Amino acid sequence: MATVTETGKGEAEWEVKIPEKKLKDRLFFENLKAMVIDTQMCSRCLTCVSICPSELIVNEEDIVDFPNYEEKCLDCGACVRVCPRYDYKPKSGLGDYMEFTAGKSKRFKGQDGAMGTEFIFSAIDMGLIDRGLFVDRDEQWRTSVFHVRGKEQLEKLPLGGTKYVFADILPELKKAVMFSKVGVGVVGTPCMVSGIRKLQEEFPVFREKVKLVVGLFCTENFHYNEVSKYLIEKGVDFSKLIKTDIMKGKFVATMTDDEVKFKVSQLTGILPSGCNVCTDFTAVESDVSVGSVGSVAGFSTTVVRTEAGKEIWDYIKKMGNAEVGEGKVEELDFLINHKKEREKNIKQ
Amino acid sequence: MIDISGLIGTIMNNPVNIPLLYVIYEFLLKIPVLGGIVAFLLDFSILGMPVVRYIIGFVLWKPFFTLIIIPGFATLGTMLLVLPWLERKLVARMQWRVGPREIEPHTRGSIQLLADTLRFLCQEVIIHKDAHKHYFLQFPFLYFIPVLLPLLFINAGAVGHPLVPIETPYALQIMIGLISLMPVFIIGVAWASNNRFSFIGAVREAFMYFAYEIPFIISVLAMIVLYGTSNTAEVVSGVNQSTWLHWGIILNPFAALTFFIATAMATARLPFDIPEADQEVAFGPFVEYTGIVFGLAYIMAYEKAYVLAAIMTMLFFGGGSGPVIPYLGELSYGIWFVVKTLIILLVLVNLRGVYPRYRIDQALSIGWGAMLTLALFALVWSVVIGVII
Amino acid sequence: MENPNEHIDFLESGPLAPLKKWSAKWSLWPCHFITSCCGVELAHAFACGYDGERLGTLNLGISRQSNFIIVEGTITRKMARALQFVYGQMPDPKYVNVIGACGERGGIFWNSYNITHPSDIVPVDFFVPGCPVTPESLLRGVRALQDKIMGVDKKTIEFKKVELPFEEKLEERMVPTSPKIYAPTPEIKVDVKRVVDWDFGKELEHTLRKELKGLFESVTITGKDRIAIRTTPENLIEVARKLKGQMNFDHVKSVNVIQVPHERKFIVEYVTSSYGIEELMTVLVTIYTEIGIKNPKIPSLTSVWESANYSERELHEFFGVWFEGNDWMGRKFVLAPDTPDLPLRKEYKIPEERYVFEKDVEPEFMVPIEPPKDLYTPIWEEFVETAPASDEIVVPIGPHHPGSGHLRVTFRIKGDRIVDALPEPGFVHRSMEKLAENKLYIQNVPLFERLAINDPASMNLAYVRTLENALDVEVPERAKYLRTILSELSRIEAFYYDAGIFSLFFGHTTGFMYCMAIREMIIEPLVHISGSRSGPSFIVPGGLRRDISDDVLGMIDNITFAIHKRAKKFESIFVNNPVTIARAKGVGVLTKEDAIRCGMVGPFLRASGVNYDIRKVAPYDAYDKVDFEVTTGDDGDCLGRFLGRLEEIRESVKIVKQGVDAVRDIKGPILSEDILGEYKEASSDIKGSFFRVFGNLVLPKGEWTTITEAARGTTLFTINSDGESNVPYRVRVISPSWMNLKGFMEAAKGERYADFWAVYGSFGYFPPEADR
Amino acid sequence: MKKVGTPEYDLSDKLKYHVSALSTAAKEMALPLNITTHYPRERKRQPDCFRGYMLFDPERCISCFQCSFVCPANAIWMKDAPSGRYYPTVDYGKCIFCHFCIDSCPGGALKTTKIHDVAYKTMDEMFTSTEEMIEPPEIIREDVGVVDYVIDKEDLSLKRTKEKDALIVDVEPSQGVPMVSVCVDRGSCLACKVCDRICESGAVSSVVEEATMTVKMAIDAEKCTGCGLCVKECSMQILRLVRK
């Protein structure tokens with residue numbers, strides 16, 4: 001139907017503040033490129049891609065790129081405004097939390113407790129949000145983003161579980177926000193969480209619409225091309241692959257008939273540069289952090305941090321959607337410290 | 001030795017009597033210069049023979065005149081040019097439209113058929129690879145024989161003034177025999193085409209043939225019985241009367257009806273165009289024919305209709321009888337004959353606008369049932385009427 | 001090289017050349033090669049309204065004897081073979097005119113996967129624009145060709161170029177993007193629960209739960225008269241048996257497959273209803289189940305409901321879903337051999353629209369690069385091979401046959417009896433369902449109207465009602481009546497077209513002409529209303545495009561009286577003609593049981609004795625306010641079906657009369673305010689605000705099914721919306737002719753060969769409508 | 001419910017109907033109810049709302065692209081004129097004459113004519129550029145008369161007049177509803193200036209002040225034609241159309 005609001009609402013003149021350019025007389029994208037991408041700081045959270053009104057993309061080598069930016073860049077500065085690494089303030093530790101616990105969803109089956117999924121769907125059930133963003137994978141474990149509105153959508157999907165591969169969640173976030181009438185819930189890695197917070201800081205639309213951000217415990221993440229090549233070398237058959245995990249310093253790829261194990265340190269060669277400077281393991285800025293470390297097998301460690309997260313966690317408990325377990329804070333220490341060590345990699 | 005003078009004598013002594021020609025001749029003689037030329041031409045002679053007079057005489061020689069002019073080829077030709085056009089115009093009129101026109105708006109498109117014929121003539125003739133090549137081409141031409149030969153026996157004259165090329169006591173029998181041959185060639189045509197639809201069409205033609213042929217023959221037989229002769233020259237004057245009250249249709253309407261329906265069946269006009277039903281078997285036997293060969297087949301149906309309508313005029317409508325038009329002499333009979341034939345033809349072809357098509361089994365049951373009964377009744381009726389008269 | 005035409009060169013350049021040209025000019029005999037909906041206008045051009053025969057063009061049945069093809073619109077991949085074949089059969093010199101936008105750059109079907117360009121297949125002399133073309137432009141094409149034959153080179157239209165205003169050069173502007181919005185990974189829900197005031201529904205839901213205990217996963221009321229049952233593939237057939245046996249759901253109205261690739265599943269649904277029990281007549285029960293996208297197999301319900309048979313075959317081709325138990329799996333039914341595989345899957349993309357002219361960028365058209373090699377899609381081999389053994393012959397009819405239209409039926413004939421008839425639809429399959437997924441909701445209005453161009457308003461209404469149903473729009477009173485009038489006029493139009501074709505199949509051209517004359521009379525007010533003869537696209541969601549003046553209403557009123565004079569003539573010359581009666585009476589009998597078994601719809605169902613008319617059962621628009629009677633018959637033969645429809649024409653005239661009387665007293669808007677929103681000025685004429693009002697329609701999430709009584713019967717539209725995109729996710733159209741095909745073939749079996757055309761005509765089978 | 005049975009005919013009925021069919025035919029042959037329009041020599045008069053070829057008035061065009069967007073056959077493509085504005089072109093090889101475009105045109109720049117009887121030799125000719133749509137084209141006309149259908153309560157009859165029908169209709173172009181674009185959420189503005197760059201009437205302005213690093217955005221309600229392109233293209237969807 002006709003897209004018309006009531007007469008009189010809205011304004012004809014307004015001002016927008018744009019950030020300072022560190023490199024004067026250059027386009028904002030050139031700034032971003034010089035300060036973040038070329039300095040290997042980029043975490044590939046894709047917040048910039050999400051907000052760009054023009055054609056900022058992720059290129060074939062999994063690097064943020066803007067082909068033909070001389071002509072196409074509108075020089076609005078949005079990318080610089082939202083980039084969490086442009087003015088990098090590294091966060092680390094366990095962060096503030098309201099409750100440290102563990103859970104196991106009764107409705108969903110995941111690698112561990114499937115609590116990320118549970119949080120999103122409980123929020124949908126509560127009417128807090130009308131969609132969540134999930135990561136789907138195809139047979140080759142290539143990722144794609146999935147907007148979920150109801151749990152029937154997931155029935156025939158191999159969702160859930162850790163992928164250790166970058167997913168382009170945030171570029172879809174703007175779409176989801178624009179389509180959403182109520183709110184959006186997102187599951188993402190710590191860098192994405194930072195990006196979303198930055199978006200929310202800058203733009204009221206995101207503040208209004210993004211109601212739930214579930215952070216995942218993250219040690220590192222890999223580019224699909226590199227990691228898949230490496231895994232194939234190691235003898236992993238993607239068509240049989242069931243799950244991947246990092247346990248006790250070892251990368252474990254479980255297949256239907258086989259298991260491939262090797263030391264994580266072997267992967268340092270292909271570790272993306274952005275992760276090298278990332279110190280956040282527990283997604284400090286999220287509403288709820290979820291991860292496998294810190295609880296018994298089959299359960300997900302759940303760190304409830306904000307009011308919104310608490311509300312949903314209470315709802316989950318009330319409805320009995322999940323078994324409540326016990327979280328052990330001390331088990332996280334090793335990895336938290338391990339990531340904190342990366343602070344030294346930051347060259348300012 | 002051929003007796004040339006005797007032959008010439010025979011020819012010159014048997015002319016068609018048209019007084020108008022003498023009137024014209026005398027009128028021409030009165031015009032100063034032209035009269036001289038005409039007189040000179042008529043008197044012009046080689047080796048003592050007035051050639052021009054002989055030529056005129058030959059043309060007016062009755063057997064020749066009847067074969068070539070009325071009711072022969074010239075009439076047939078005109079009929080063939082006019083009839084399809086008239087059919088199209090009249091059916092169009094019945095259907096609230098106009099019919100062919102823009103080709104020559106002033107004459108209401110009367111030369112439409114000329115254009116169609118020329119187009120067929122100039123078109124490629126395709127002999128498809130599955131056809132029996134020789135028969136495929138020969139049969140349509142052989143088809144001419146049974147269609148054209150009956151012309152020799154048609155009498156366009158009236159009581160005492162026969163206008164017939166060949167007078168023979170077996171004229172009607174020969175004509176029926178020839179007409180009965182036609183379906184054979186149609187079936188031949190269909191067989192040579194080697195096509196599913198022409199096959200079905202041929203089967204239908206064969207079935208129809210038997211269904212209409214017997215009532216047809218019996219109805220003619222009834223008239224022969226009634227008139228007591230089968231000589232076409234005498235048939236029209238069979239009961240020796242010339243008023244319309246003694247036309248065959250009054251004396252034996254049952255035979256007339258049978259004959260008319262049989263004509264519709266034989267010429268495959270609606271409601272009996274079953275062998276050629278274009279919606280069902282796509283022109284049946286003629287489905288594979290192209291260009292002028294199809295044109296021939298298309299024209300042939302009208303020739304057949306002309307022959308049958310002529311027989312009908314002779315048998316049931318008093319042939320050429322009618323009031324004598326002054327100055328035209330014997331030609332007036334011929335004109336009456338043509339007019340009657342044309343009216344019958346028009347009724348026949350315009351049935352297309354009135355009736356849908358019967359199914360083959362229904363047509364057969366009409367043929368073997370109603371028509372046969374009617375024909376037999378007509379035969380009995382003829383005997384009764386004949387006895388009374 | 002030797003000139004093969006040496007001996008006929010005198011015709012090309014000699015003294016006889018002008019004669020040849022002249023004769024060809026005035027004797028262009030088009031062969032009866034009906035390819036799509038423009039055939040309706042072709043009929044008008046050669047009927048009494050315009051009478052193309054005046055120009056010497058006589059429509060002839062057979063390619064061998066004609067020299068001119070008028071390609072009437074869409075040439076699908078299947079039809080392309082026939083076109084090439086027919087053109088090859090014709091003797092030289094031969095000419096081709098293409099009429100209708102579909103035959104040129106594709107028209108509204110330009111990005112369809114199944115159409116080709118006739119100009120790639122045969123040399124074309126003239127293109128005539130229009131969709132459908134008017135008879136006048138068709139004749140203009142013939143005139144232009146006549147001029148061309150005579151060597152006159154004249155353009156039929158001469159444009160004057162005018163310089164565009166140039167004040168100042170604007171700086172380079174951005175170009176807008178497509179207005180279409182596709183939701184990312186949409187949620188497709190078949191059973192969105194809705195609260196409706198429907199007591200019987202609750203009762204029925206309860207009964208269903210009881211009857212199907214243990215077999216279903218959920219039973220949901222999805223709207224008034226709509227219930228969805230979710231079950232598993234294993235239980236599907238048992239649920240169907242129970243529904244049929246215990247609950248008397250005796251036919252399938254629609255079979256549908258929805259592919260949700262991002263959710264890795266197919267949703268397979270059967271929409272069933274009942275002709276047997278009066279309360280259930282309006283109720284549509286959807287049984288659906290979900291199957292994985294890999295190796296999709298599901299038991300066929302043909303054994304329970306035979307009416308699902310052809311739809312299952314079709315969906316098998318479209319989606320690759322394997323219906324176990326249907327004997328046609330793995331074969332082609334609707335599509336041509338060279339149509340892309342599984343075209344309705346979402347992975348198969350059709351070209352996107354372009355909005356900005358770019359030089360040197362040829363738009364991508366989906367046409368086969370080479371003309372097809374094999375001329376026909378093969379007939380089922382067993383069908384042919386076993387024929388000689390039982391002394392039968394195989395006769396294929398169509399798609400180019402003077403009495404076939406664009407359908408191919410292969411007969412096995414023993415003696416003169418049809419033993420078996422194998423239909424082959426799809427010669428006009430223009431892939432409407434796929435195209436609809438790529439057009440805005442409003443753009444689909446003209447698309448679906450082209451289902452049956454001789455019954456446009458009904459098709460238009462059927463689609464628009466689905467949108468209104470979903471958007472919950474109440475149509476203003478005046479518009480309701482006007483829509484009823486339009487739909488009834490369209491019904492009369494369609495029935496007279498069918499009656500004309502019926503008489504033509506009996507070789508009765510006069511009957512055909514009389515019908516076309518009456519149609520011409522009815523088309524006249526339609527032109528005055530909408531400006532288009534047979535593609536009005538006049539009914540839009542919420543009402544009509546503009547108001548109808550009193551003059552036109554008066555004209556319609558006059559027609560309701562004037563129609564009788566000519567109708568009476570038609571009756572005495574064709575309907576009561578003893579030959580017609582002999583041909584049609586007792587032929588092609590479809591008993592009540594057979595009709596229900598085959599899922600017949602519309603007048604053809606009623607002729608077999610089922611009292612089912614959606615206008616009465618579930619009235620829409622103003623049908624509950626007008627007085628009319630449903631026409632049924634007991635005989636179920638060709639004559640019964642024909643006379644029944646003639647009786648319905650009388651009822652329709654009655655409705656139109658009442659409608660005109662009523663609408664004169666009702667003043668007010670003709671467009672609903674619900675849909676107009678801010679643009680209230682447009683309530684009597686949408687001019688100026690059309691796109692603003694309708695451009696961004698978004699249907700609420702869920703599945704929307706409506707049934708509408710079009711002229712030839714129930715038209716079912718199922719639209720699946722994700723609630724976010726402004727294009728439908730999936731549209732399923734079940735047109736009446738498609739549902740009637742099964743019964744049509746059943747009725748033809750056992751009859752004589754010549755009776756096939758009586759049966760064909762009596763079913764009013766319109767291939768463009770069936771093939772979609 | 002009405003039952004329609006197939007009648008039983010006996011011989012007398014059959015004869016009666018034979019006679020009635022034949023007599024109807026004879027009657028029609030004598031006094032036909034002819035309704036034929038002799039097309040090339042005369043035309044049928046079409047109503048003013050007839051959907052035919054379209055004419056275009058560049059003065060009224062606001063380059064809103066709506067005609068192109070709404071075209072179900074995608075026959076209308078916008079082409080940039082020398083002035084940089086975008087004007088519609090029509091491909092009559094695709095056009096289905098639904099005239100959704102004319103109904104959509106908010107400025108009334110497109111209007112219909114009664115021209116429809118046209119034939120082309122090639123498909124390329126069918127593409128009609130903007131320049132060709134401004135002045136009425138000339139078509140071959142062989143008509144000397146015009147036919148009106150007169151429908152009264154008795155029958156349809158034809159009224160023939162010796163005159164040339166005017167093919168160009170003069171209808172009042174629609175004014176449309178005057179709209180203007182406004183911003184409803186200034187905080188979410190990216191200052192990407194897409195609205196400025198897409199606006200052809202120059203109503204949207206964006207001024208970058210380097211000193212304070214602010215962008216001043218403004219929509220001039222006077223200049224704004226309400227084409228709605230900025231609303232459609234705004235990536236943050238913060239613009240709306242409201243009544244002027």
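This is a short tour of the structure in your viewer, stop by stop.

Before you click anything, know that this is a predicted model, where local features need pLDDT of at least 70, side-chain atom pairs count only at pLDDT 80 or more, and totals for chains, interfaces and linings use all residues. Residues are numbered from 1 along each chain as its sequence is written, while chains are lettered from A and ligands numbered from 1 in the order in which they are written.

**Stop 1: chain D on its own**

Select chain D and colour it by secondary structure. You'll find 5 helices and 14 strands; helices (H or I, at least four residues) and strands (E, at least two) are DSSP runs, numbered from the N terminus. Its radius of gyration is 28 Å, well over the 18 Å that the globule rule gives for 244 residues, so chain D is more spread out than a compact globule. That radius is taken over C-alpha atoms, and the rule is 2.2 Å times the number of residues to the power 0.38. Along the principal axes, the C-alpha atoms of chain D fill a box of roughly 105 × 50 × 35 Å.

How many of the 244 residues of chain D count as buried? The share is 53%. A residue is buried if 20 or more other C-beta atoms lie within 10 Å of its own, exposed if 12 or fewer, and partly exposed in between, with C-beta atoms placed from the backbone.

Now colour residues 46-140 and 179-243 of chain D separately: these are domain 1 and domain 2, with bounds from an automatic or database domain assignment. Their centres, taken over C-alpha atoms, are 30 Å apart. The contact between them takes 6 residues from domain 1 of chain D and 7 from domain 2 of chain D; two residues are in contact if their C-beta atoms, placed from the backbone, lie within 7 Å.

**Stop 2: D:Ser201**

Zoom in on D:Ser201, in the loop between α4 (194-198) and β12 (204-209) of chain D. D:Ser201 is partly exposed, with 18 other C-beta atoms within 10 Å. Leaving aside neighbours within four places in sequence, D:Ser201 is in contact with D:Ile62, D:Lys223, D:Cys224 and D:Thr225.

**Stop 3: where D meets C**

Bring chain C back. Here 99 residues of chain D are in contact with 107 residues of chain C. Which element gives the largest share of the side of chain D that touches chain C? It's helix α1 (residues 11-30) of chain D, with 7 residues. That side divides into 48 nonpolar, 25 polar and 26 charged residues. Ala, Val, Leu, Ile, Met, Phe, Trp, Tyr, Cys and Pro count as nonpolar, Asp, Glu, Lys and Arg as charged, and the others, Gly among them, as polar.

Next, pick strand β20 (residues 631-632) of chain C and strand β1 (residues 2-3) of chain D, which run parallel and are joined by 2 bridges. Two strands pair if DSSP finds at least two bridges between them. C:Thr631 stands opposite D:Lys2 here.

**Stop 4: inside chain C**

Select strand β23 (residues 730-734) of chain C. Since 5 of its 5 residues are buried, β23(C) is largely enclosed by the rest of the structure. Both faces are covered, with C:Arg730, C:Arg732 and C:Ile734 on one side and C:Val731 and C:Val733 on the other. Strand β22 (residues 713-721) of chain C pairs with β23(C) in the antiparallel sense over 5 bridges, and C:Leu716 has C:Ile734 as its bridge partner.

Then find C:Val252 in strand β10 (residues 251-260) of chain C. Is C:Val252 buried or exposed? C:Val252 is buried, with 26 other C-beta atoms within 10 Å. C:Val271, 19 residues away in sequence, is 5.7 Å away in space, C-alpha to C-alpha.

**Last stop: the nonpolar cores**

A nonpolar core is a set of buried Ala, Val, Leu, Ile, Met, Phe, Trp, Tyr and Cys residues joined through C-beta atoms within 7 Å. The largest has 518 residues, and those with the most contacts inside it include A:Leu32, B:Met312 and C:Val759. Helix α16 (residues 291-316) of chain B provides the largest share of this core, 20 residues. Finish at a second, separate core of 7 residues, among them A:Phe222, A:Leu231, A:Leu241 and A:Phe251.
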